[in-house]
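Biologist: I should like to learn how to read the features of a structural model. Could we go through them in turn?

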Amino acid sequence: MSRRKVFAVLIALVCMAGAVTAVGAAPLTIGAVLFGQDSFFQNIQIGIEQGAKAAGANVLVNIHNHEIDKETSFIEDYIARGVQAIVITPESLTASVPELKKAYEAGIKIVCFNTNINDDDAKKYVSAFYETDQSSLGYQTGQYLVKWLKSHKIGDVTVGILQCDRFEACKRRGDGFRKALNEANVKWTEAANQEGFMPDVGSTVAENILQSNPKINILWSENEGGTIGEVIAVRSMKLQGKVFVFGTDMSTQLADFLLDKDNILQAVTGQSPRVMGSDSVKAAVAVVNGSKVDYYHVVPNAFFSRDNVAAINAFKKEMAQ
């Protein structure tokens with residue numbers, strides 16, 4: 001065999017070896033950190049898992065239920081495991097930073113969704129951020145409420161609000177809701193504004209609000225848990241037809257409330273959690289593979305009301321898959 005042929009065979013063998021290595025390379029491992037277990041975060045997790053599957057990546061998921069020490073330990077574990085990326089909804093603008101900084105310095109790519117760390121540190125350590133326009137969640141429901149009040153010929157509006165303002169996103173939702181009412185020059189009174197973002201606590205707080213403020217005819221909540229709590233409170237106090245609920249976020253339970261003949265829950269502005277989770281993972285994989293991605297991404301809203309039963313049923317069908 002000539003030297004030229006021998007050289008060609010050697011080149012072919014090297015290329016084959018490279019191809020085998022590439023094909024047989026271990027898939028990426030992504031660590032995910034969530035701070036809740038409600039329907040919103042359950043669907044984010046589904047989106048994360050779907051995105052990882054589509055990308056051929058492995059994903060590890062941990063949920064800390066708003067305990068910053070657990071968040072820290074999860075990130076530490078991911079660093080020790082040598083994950084290539086972390087997708088996370090940080091618990092705190094500041095307290096979440098030190099451990100994420102360690103992950104970044106260990107060569108791990110970071111993508112945030114739903115919440116982020118403070119702007120200065122995010123610019124240093126975060127490759128991409130996916131969120132809903134939080135103000136628009138409240139604003140869109142407020143706009144619908146304005147139209148609803150006119151169509152029902154309700155002029156004297158007294159509102160009770162369940163909030164989750166310990167989180168910056170919730171404050172923005174509240175600001176958006178109030179802005180929509182004020183822009184429309186609705187004559188309304190905010191009679192109560194109390195924290196209650198979990199269903200059990202929310203129902204108790206809502207009952208207390210209604211007992212203390214009998215003029216309230218509209219309840220609004222900044223999140224899913226509070227919306228559920230408000231509906232339960234109106235039912236338990238038998239105020240159907242007197243107090244109407246508007247809310248934020250969407251779930252199968254809230255879909256059922258919208259379809260219920262009791263006519264309590266009127267409308268909610270929901271997020272798109274599966275899209276948020278899936279897109280966050282896609283961005284993480286892209287960054288790990290050396291691609292550039294845009295930093296800021298707004299995930300679209302999804303609006304649901306009693307006026308559009310078809311949209312509610314379509315949502316329920318999607319959630320059943």
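Modeller: Let us begin with contacts, meaning heavy atoms within 4.5 Å. Leaving aside residues up to four places away in sequence, Thr-141 touches Trp-220, Phe-246, Gly-247, Ala-267, Val-268, Thr-269 and Phe-303. The model is predicted: local features need pLDDT of at least 70, side-chain atom pairs count only at pLDDT 80 or more, and totals for chains, interfaces and linings use all residues. Residues are numbered from 1 along each chain as its sequence is written, and side-chain values use heavy atoms, with hydrogens and water left out.

Biologist: Is Thr-141 buried or exposed, and in which element is Thr-141 found?

Modeller: Buried means under 20% relative accessible area, exposed over 50%, and partly exposed in between, with a 1.4 Å probe and protein chains only. Thr-141 is buried, at 0%. Helices (H or I, at least four residues) and strands (E, at least two) are DSSP runs, numbered from the N terminus. Thr-141 belongs to helix α6, residues 134-151.

Biologist: How does one judge the span of a helix such as α2?

Modeller: The expected span is 1.5 Å times one less than the number of residues. Helix α2 (residues 39-55) has 17 residues and should span 24 Å; its end C-alpha atoms are 24 Å apart, which agrees. Among the buried residues of α2 are Ser-39, Phe-40 and Phe-41. Gly-56 follows α2 and has a positive phi, near 70°.

Biologist: What do the buried residues of α8 pack against?

Modeller: They pack against β6 (157-163), β7 (188-195), β8 (218-221) and α9 (224-236). The buried residues of α8 include Val-205, Ala-206 and Ile-209.

Biologist: Which residues have the most contacts inside the largest nonpolar core?

Modeller: A nonpolar core is a set of buried Ala, Val, Leu, Ile, Met, Phe, Trp, Tyr and Cys residues joined through side-chain atoms within 4.5 Å. The largest has 27 residues, and Val-234, Met-250 and Leu-265 have the most contacts inside it. The elements giving two or more residues to this core are α8, α9, α10 (252-259), β10 (265-270) and α12 (309-319). Apart from it lies another core, of 23 residues, including Ile-30 and Leu-34.

Biologist: Where does one look for charged pairs?

Modeller: Side chains of opposite charge can pair when their charged atoms come close. A salt bridge is a side-chain nitrogen of Lys or Arg within 4 Å of a carboxyl oxygen of Asp or Glu. By this rule the count comes to 13 salt bridges.

Biologist: How are Glu-99 and Lys-102 placed in helix α4?

Modeller: An α-helix has 3.6 residues a turn, so residues three or four places apart point the same way. Glu-99 and Lys-102 are three residues apart in helix α4, about one helical turn. Their closest N and O atoms are 3.6 Å apart, forming a salt bridge. Glu-99 is buried, at 7%, whereas Lys-102 is partly exposed, at 44%.

Biologist: Which parts of the chain does the pair of Arg-166 and Glu-195 link?

Modeller: Arg-166 and Glu-195 meet in a salt bridge of 2.8 Å, N to O. This pair links distant parts of the chain: Arg-166 lies in the loop between β6 and α7 (168-183), and Glu-195 in strand β7, 29 residues apart. Arg-166 counts as exposed at 56% relative accessibility, and Glu-195 as partly exposed at 33%. Salt bridges that share partners also join Arg-235, Asp-260, Asp-262 and Arg-306 into one network.
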